[in-house]
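User: I would like to learn how to read a few features of a protein model. Please take them one at a time, with the general idea and then the case here.

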Amino acid sequence: DNIRTCLEGTRLPKTPCAALDHFHLKCVFLAGAASGGLLALPTCPLANLQVLQQASPQDKKASALGWARQLLAQRGVRSCFRGFFPHLVQGSIGRGMYMSGYELVKRLEDNFLCEGLSATIAGKMLAAGGAGVSGWIFTYPFDVVRSNLIADWQRIRYISTFGTLLNLYQEGGIRRLYAGLWW
């Protein structure tokens, strides 16, 4: 019954408490997380190629196709999915947080700032910005772990997701997990 209500959608009453309707926000979160999780499978190999190209020394730059050939020849198909777990978490949880954050900010705008604000371009930009920040604050460490794991494609330094997380934390604490974001 709850799943059917999620799939059919719910019409919320116009009260201040409606902005915090946890059931509806959970449905939006689950829909976003499911879509992000499904997208993780085809996007993981592409993200791996992107990181490898970015991490390559300037004098040894290879094309995405060149990296793909090298990875497949030396490590097989599994190498295309190195770092899949942090990529999956980043995609699913991040997208779920973004979608539910967007809905929450839109409702807060209408209920506590100005009714109809969420329908304006400024209101949508505010909601999108707030949602983006809320998603990235949580998932950014997974991006750092994934990028370091992928950049070490020869498995010299990092073997597993958890091992990479521990090594990075030991190197610089929580600041290391947010490296490149703002400090």
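User: Are D143 and R146 buried or exposed?

Analyst: A residue counts as buried when its relative accessible area is under 20%. In this predicted model, D143 is buried, and R146 is buried too. The two residues form a salt bridge, and their closest N and O atoms are 2.6 Å apart.

User: Why are D143 and R146 separated by about one helical turn?

Analyst: Position along a helix gives the reason. D143 and R146 are separated by about one helical turn because they are three residues apart in helix α5.

User: How many salt bridges does the structure hold?

Analyst: A salt bridge is read from a side-chain nitrogen of Lys or Arg within 4 Å of a carboxyl oxygen of Asp or Glu. The structure holds five. One of them joins E103 to K106, with 3.7 Å between the closest N and O atoms. E103 and K106 sit three residues apart in helix α4, so about one helical turn separates them. K106 is partly exposed, because its relative accessible area is 21%.

User: Which residues are linked with E103 in a network of salt bridges?

Analyst: The network of salt bridges links E103, K106 and R107.

User: What does E171 form a salt bridge with?

Analyst: The partner of E171 is R176, and the closest N and O atoms of this salt bridge are 2.9 Å apart. Partly exposed covers the range between the buried cut-off of 20% and the exposed cut-off of 50%. E171 is partly exposed, because its relative accessibility is 38%. R176, at 23% relative accessibility, therefore counts as partly exposed.

User: How many helices and strands are there in the chain?

Analyst: The chain has six helices and zero strands. Along the sequence, its pattern reads α-α-α-α-α-α. Of its 183 residues, 34% count as buried.

User: Which helix does C27 lie in, and in which is H24 found?

Analyst: C27 lies in helix α2, and H24 is found in helix α2. C27 and G96 are 69 residues apart in sequence, with 9.4 Å from C-alpha to C-alpha. For H24 and L104, the separation in sequence is 80 residues and the C-alpha to C-alpha distance is 9.9 Å. C27 counts as buried because its relative accessibility is 11%. H24, at 14% relative accessibility, therefore counts as buried.

User: Now the loops. Is S118 buried or exposed?

Analyst: S118 has its place in the loop between α4 and α5. S118 is buried, because its relative accessible area is 10%.

User: Which residues make the nonpolar surface patch?

Analyst: L41, L72, V77 and F81 make a nonpolar surface patch of about 360 Å². V77 is found in the loop between α3 (64–75) and α4 (84–113). V77 is exposed, because its relative accessible area is 56%.

User: How much space lies in the largest pocket?

Analyst: Rolling a probe the size of a water molecule over the atoms shows where empty space is left. In this structure, the largest pocket has about 400 Å³ of space. Its lining comprises 22 residues, and H87, Q90, G91, R95 and W136 lie nearest its centre. α2 (22–55), α4 and α5 (121–151) are the elements that give two or more residues to this lining.

User: What classes of residue does the lining of the largest pocket have?

Analyst: The lining of the largest pocket has 12 polar, seven nonpolar and three charged residues.

Key. Residues are numbered from 1 along each chain as its sequence is written. This is a predicted model: local features need pLDDT of at least 70, side-chain atom pairs count only at pLDDT 80 or more; totals for chains, interfaces and linings use all residues. Side-chain values use heavy atoms; hydrogens and water are left out. Patches are made of residues with over 30% relative accessible area and no salt bridge: like charges are joined within 9 Å, nonpolar side chains (Val, Leu, Ile, Met, Phe, Trp, Tyr) within 5 Å. Accessible areas come from the Shrake-Rupley method with a 1.4 Å probe; for residues, only the protein chains shown count as cover. Helices (H or I, at least four residues) and strands (E, at least two) are DSSP runs, numbered from the N terminus. Buried means under 20% relative accessible area, exposed over 50%, partly exposed in between (1.4 Å probe, protein chains only). On a 1 Å grid over the protein atoms alone, a cavity is a set of points where a 1.4 Å probe fits but cannot get out, and a pocket is an open set with protein on both sides within 12 Å along at least five of seven lines; lining residues have an atom within 4 Å of a point. Grid points are joined across faces, edges and corners, and a volume is the space filled by probe spheres set on the points. Ala, Val, Leu, Ile, Met, Phe, Trp, Tyr, Cys and Pro count as nonpolar, Asp, Glu, Lys and Arg as charged, and the others, Gly among them, as polar.
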